[in-house]
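Try each task before you read its solution.

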Amino acid sequence: MYRLLLLDDEEFVLKGIQRVYDLPSYGFEVVGAFSNPLKALEQLEELKPDLVITDVKMPAMDGLEFADEAKKRNPGVEVVILSGYDDFSYAQAAVRLGVSDYLLKPIKKDDFIAMLRHMYSRIEEKQSREKSYQVLQKLLKDNWVELKNRYYLELTESDNRDEELYEVLCDQGQIDFREDVFLLIKMDTDSLSIAGDFMSEIARLTQEAEMLLADYGEVLDFFSDESLYFVLYRLDEERYEEVCDTISALVETRRAEGIDFPLGFSYIHHGQEELFQARNDCVRRMFMKEANIDESSEANPVKRQELNLTIPYVEIENLFQAISMNDPEGIETSVNRIYVFPRRNLPVLLRDYVSSISFLILLRIFQMQNKYDARGEIVSTQMLDLKYLQREYPSMEEQKALIRRLALELNQLVAGQKDAVPSRMVQTALEYINEHFSENISLQEVADNINISKNYLCDIFKKEIGVTFINYVTNLRIEKAKDYLKNSDMKMYEVSAAVGYNDYAYFSQIFKKNTGVTLSAYRKKL
């Protein structure tokens, strides 16, 4: 119920509004009815109305003057003006003052009711935004690292910018780049097999990459449970190849140590709105390497500037989203939207472009089927050959039919992983994590213990918990460390080991990054 204040110098109008209209049924409670605007102003701060309905012509102070003063004392209040004067200058003044509505007397009942409904929806929407904003501010204060990570991850992987979160992050100074030139680096970590602590190794890899990249510009990192991302911005574009060589050398060093993972670089982009496109650069170039295709060779089916056409990345993402969500209709819709080119007499260049799109989708299916442990091949390695694709499926319609069939097969494979109730699976996963968080725990290990694929666990974990697995375990370890610091005399390195980090130096950095203070500073302030 929202708070309503009525103001009119004629008592019968005040009583008439309350008698004719069942105001509570429209979501409003009258907290004050005044015929004197000065008295109304005196009680304005105490009554805290959400909506003021006021006449224009009144003694001592007219309705526009009252609205101006009310807005100064309570900027969030909504004001509706009732006037018997059909004067455009009044309406203009009302607009300048931020008045929400302007009704002419005599007021029709339907118009007044429509105004009440409109104002209720307006206040409801505004307060909902304010509550969300306050929640985000509190969350940001408590855990801005996770929210910042979530913002950039959504923008990069889904091309989705959370406007409310963006505003909060901006207010807190947590948005690192907007219009800068940047390079995106993607490291896929979902298939890593590490003998030591998985999360410590990820932290070490992140730190080493950041240190190397810092020589070339500003660095922003964020991650999912499957990938590490590094944005290098404010860089000298002429050093692009040098940056790529430097990070490639780091990956080669890790490979020599038995830690191997795919690496992808984007081209140079401009502004954070191009993160999704940059991520697709990385994915495409990873695919090229996996298929053993030299990007600069004639065999490359997807050259960046060969065609003056745009790869439909958004629709390709929608296709795989539909596959993950077991949505056959969505699959059909996405396939139809991807293949929207002329059906006859395709020029050779356009034919190659269509094949390039099919090739990209086949690579994605090939990669995804392996994540879901397919027993039979949906996409064979033979299909990952552009010449084979064009020979066996020469027309666009044939390639479209092939992609539709394979996407539905992959959908059935994914759906087979989803027979159990996700919430129960997540609960079982959380129980296992809470019991083993201080050990060398990984997403793969948790998935193995509840008998589902790692990829599916990753999907439902993010959907139902709202954070990545890595951040969940990290936060759990930090909270436990806080408890040790507060309620025990354990030394700092003992606290580190007790929560799962054998490397005290790395744990110290992680603790400070997530809390804003060092371990010793945290203990001192208790």
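A residue counts as buried when its relative accessible area is under 20%, and as exposed when that area is over 50%. Keep in mind that this is a predicted model.

**Exercise 1.** Find which residues of helix 12 are buried, and work out how they are arranged around the axis.

*Solution.* Start with the list: in helix 12 (residues 328-338), Gly330, Ile331, Ser334, Val335 and Ile338 are buried. Next, look at their directions: they cover an arc of only 130° around the axis, so they sit on the same side of helix 12. An α-helix has 3.6 residues a turn, so residues three or four places apart point the same way. Finally, turn to the opposite face, where Glu329 and Arg337 are exposed.

**Exercise 2.** Describe how the axes of helix 8 and helix 21 cross.

*Solution.* First, the geometry: the axes of helix 8 (residues 198-213) and helix 21 (residues 504-515) come within 10 Å, crossing at roughly 80°. Angles from 65 to 115 degrees count as roughly perpendicular, and therefore helix 8 is roughly perpendicular to helix 21. Then the contact itself: helix 8 supplies Ala203, Arg204, Gln207 and Glu210, while helix 21 supplies Tyr506, Gln509, Ile510 and Lys513. Sorted by class, this contact has 3 nonpolar, 2 polar and 3 charged residues.

**Exercise 3.** Classify the ring pair of Tyr2 and Tyr120.

*Solution.* The structure holds 13 aromatic pairs. In this one, the ring centres of Tyr2 and Tyr120 are 5.2 Å apart and the planes stand at 55°, so the pair is tilted. Tyr2 belongs to strand 1 and Tyr120 to helix 6, so the pair ties together parts 118 residues apart in sequence. Tyr2 is buried, at 10% relative accessible area, whereas Tyr120 is partly exposed, at 29%.

How values were computed
Residues are numbered from 1 along each chain as its sequence is written. This is a predicted model: local features need pLDDT of at least 70, side-chain atom pairs count only at pLDDT 80 or more; totals for chains, interfaces and linings use all residues. Side-chain values use heavy atoms; hydrogens and water are left out. Axes are lines fitted to C-alpha atoms, for helices over the stretch in contact, and angles run from 0 to 180 degrees between N-to-C directions. Helices (H or I, at least four residues) and strands (E, at least two) are DSSP runs, numbered from the N terminus. Angles under 35 degrees count as roughly parallel, over 145 as roughly antiparallel, 65 to 115 as roughly perpendicular and the rest as oblique. Contact means heavy atoms within 4.5 Å. Ala, Val, Leu, Ile, Met, Phe, Trp, Tyr, Cys and Pro count as nonpolar, Asp, Glu, Lys and Arg as charged, and the others, Gly among them, as polar. Buried means under 20% relative accessible area, exposed over 50%, partly exposed in between (1.4 Å probe, protein chains only). The arc is that of the directions from the helix axis to the C-beta atoms. Rings of Phe, Tyr and Trp (its six-membered ring) pair if their centres lie within 6.5 Å; planes under 30 degrees apart count as stacked, over 60 as edge-to-face and the rest as tilted.
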